[in-house]
Amino acid sequence: MATIVPPGEMARKAMHWISEGVKEGKELPPLIEEAAMRFNLSPKDVEFLKRFYKENGEGAKPAD
């Protein structure tokens, strides 16, 4: 049985996962692309992530 995930929850999890990867020294663009597949993000979510990290710096930490 599938569970219902609130809107934006997967993008939030992706942001956390990306931030952890950046802390480990990984490159941001491949992290965003992998997060898109791993968390099944929409193109709109991917664009948001790209814009967020561009505007806030690569090591930006999302608010919890």
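The dialogue below takes the features of this predicted model in turn.

User: How many helices and strands does the protein chain have?

Analyst: The secondary structure consists of three helices and zero strands. Read from the N terminus, the order of elements is α-α-α. The chain has 64 residues, and 31% of them are buried. Its accessible surface is about 4,800 Å², with 56% belonging to carbon and sulfur atoms. Among contacts with a separation of 6 or more, 50% join residues 24 or more positions apart.

User: Which residues of helix H2 are buried, and where do they lie around the axis?

Analyst: The general idea comes from helix geometry. An α-helix has 3.6 residues a turn, so residues three or four places apart point the same way. In the present case, H2 spans residues 28-38, and its buried residues are Leu 28, Leu 31, Ile 32, Ala 35 and Ala 36. These residues lie on the same side of H2 because they cover an arc of only 140 degrees around the axis.

User: Which exposed residues does the face of H2 turned away from the buried side carry?

Analyst: That face carries Pro 29, Pro 30 and Met 37, which are exposed.

User: Against which helices do the buried residues of H2 pack?

Analyst: The partners are helix H1, residues 9-23, and helix H3, residues 43-56.

User: How should I read the largest nonpolar core, and which residues in it touch the most other members?

Analyst: In soluble globular proteins, nonpolar side chains tend to be buried together. Here the largest nonpolar core has 15 residues, and those that touch the most other members are Ala 14, Ile 18, Ile 32, Leu 41, Leu 49 and Tyr 53. H1, H2 and H3 are the elements that give two or more residues to this core. The largest share, five residues, comes from H2.

User: What is to be noted about the phi of Asn 40, and is this residue buried or exposed?

Analyst: Asn 40 has a positive phi of about 50 degrees although it is not a glycine. Its place is in the loop between H2 and H3. With 69% relative accessibility, Asn 40 counts as exposed.

User: How many aromatic pairs does the structure hold, and how is their geometry read?

Analyst: One reads the distance between ring centres together with the angle between ring planes; planes over 60 degrees apart count as edge-to-face. The structure holds three aromatic pairs. In one of them, the ring centres of Trp 17 and Phe 39 are 6.1 Å apart and the planes stand at 65 degrees, so the pair is edge-to-face. Because Trp 17 lies in helix H1 and Phe 39 in the loop between H2 and H3, the pair ties together parts that are 22 residues apart in sequence. Trp 17 is partly exposed, with a relative accessible area of 22%, whereas Phe 39 is buried, at 13%. Phe 52 and Tyr 53 form another edge-to-face aromatic pair, with 5.0 Å from centre to centre and 90 degrees between the planes. Both Phe 52 and Tyr 53 are buried.

User: Which residues form one aromatic cluster?

Analyst: The cluster is formed by Phe 48, Phe 52 and Tyr 53.

Methods. Residues are numbered from 1 along each chain as its sequence is written. This is a predicted model: local features need pLDDT of at least 70, side-chain atom pairs count only at pLDDT 80 or more; totals for chains, interfaces and linings use all residues. Side-chain values use heavy atoms; hydrogens and water are left out. Buried means under 20% relative accessible area, exposed over 50%, partly exposed in between (1.4 Å probe, protein chains only). Helices (H or I, at least four residues) and strands (E, at least two) are DSSP runs, numbered from the N terminus. The arc is that of the directions from the helix axis to the C-beta atoms. Contact means heavy atoms within 4.5 Å. A nonpolar core is a set of buried Ala, Val, Leu, Ile, Met, Phe, Trp, Tyr and Cys residues joined through side-chain atoms within 4.5 Å. Accessible areas come from the Shrake-Rupley method with a 1.4 Å probe; for residues, only the protein chains shown count as cover. Rings of Phe, Tyr and Trp (its six-membered ring) pair if their centres lie within 6.5 Å; planes under 30 degrees apart count as stacked, over 60 as edge-to-face and the rest as tilted.
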